[in-house]
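Please look over the sequence and the model shown here, and then read the notes by topic.

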Amino acid sequence: NDEFAMLATSIGVTLGWDEKTILELGMGCLLHNIGMSRVPKELRDSSIVLGPAQFAEVALHPLHTFDILEANTHIIPPLSRLVAYQIHERCDGTGYPRNRRAGAIHEAAKVAAVADVFVALVSKRPHRPPMLPHYAAVHLLHGVREGKFDSAAVRALLKTVSLYPIGSYLELKDGRIGRVLRAHREQYARPVVELWN
């Protein structure tokens with residue numbers, strides 16, 4: 001959770017959000033899975049892909065999160081509660097728990113959703129190996145085209161992370177080898193490299 005919360009707050013910085021909003025975004029990200037404590041352990045710890053009925057039960061965890069956080073309104077800011085509740089919503093209405101569309105999803109929750117999906121894709125899971133960052137970004141871009149993810153949030157993610165990890169080596173089209181020094185802020189698929197013959 002902390003890796004994805006750091007990515008979400010970094011995206012907030014890229015977007016130029018104020019410190020309070022960024023901190024509340026991060027808190028919402030850290031708390032978003034607290035409702036999983038009310039999901040049966042065998043579903044939480046499952047190493048297999050869940051069936052529709054099992055997934056429906058897991059998809060209730062944002063409602064459990066909402067209940068837990070609403071009982072603590074005196075210490076958890078409203079934006080943090082909203083991010084934790086809406087993080088699994090998708091702009092096209094296919095998310096959960098309420099199938100909200102883009103206009104009904106807070107901008108911070110849209111950023112959190114993009115960060116959550118990116119980190120999930122590049123992380124190893126019991127049923128699949130991790131995806132390279134480049135392919136995770138392509139997945140998100142397809143999601144933008146399908147209307148699932150907010151384009152501004154994905155654009156900010158691409159400005160925040162490098163698709164090619166710093167220090168990795170790439171073969172250029174002309175056969176030369178380049179070592180990645182940093183991400184390119186505008187041309188996401190073209191990192192700044194040090195060329196080797």
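Helix H7 covers residues 107-122, and its 16 residues reach 23 Å from the first C-alpha to the last, close to the 22 Å expected at 1.5 Å a residue (the expected span is 1.5 Å times one less than the number of residues). Helices here are DSSP runs of H or I with at least four residues, numbered from the N terminus. The model is predicted: local features need pLDDT of at least 70 and side-chain atom pairs count only at pLDDT 80 or more, while totals for chains, interfaces and linings use all residues. Residues are numbered from 1 along each chain as its sequence is written, and side-chain values use heavy atoms, with hydrogens and water left out.

- H7 is largely enclosed by the rest of the structure, because 14 of its 16 residues are buried (buried means under 20% relative accessible area, exposed over 50%, and partly exposed in between, with a 1.4 Å probe and protein chains only).
- The largest nonpolar core has 32 residues, and Leu7, Leu25, Cys29, Leu140 and Leu157 have the most contacts inside it (such a core is a set of buried Ala, Val, Leu, Ile, Met, Phe, Trp, Tyr and Cys residues joined through side-chain atoms within 4.5 Å).
- Two or more residues of this core come from each of helix H1 (2-14), helix H2 (19-31), helix H6 (78-86), H7, helix H8 (133-145) and helix H9 (151-160).
- H7 gives the most to this core, with nine residues.

**A buried threonine**

- Thr65 belongs to helix H5 (residues 61-70), and its relative accessibility of 0% counts as buried.
- Neighbours within four places in sequence aside, Thr65 is in contact with Leu31, His32, Asn33, Ile34, Gly35 and Ala84 (contact means heavy atoms within 4.5 Å).

**The loop between H6 and H7**

- Pro97 is found in this loop, and a cis peptide bond with omega of about 15° joins Tyr96 and Pro97.
- Asn99 is also found in the loop between H6 and H7; its phi is near 55°, a positive value in a residue other than glycine.
- Most residues other than glycine have a negative phi, and most peptide bonds are trans.
- With a relative accessible area of 46%, Asn99 is partly exposed.
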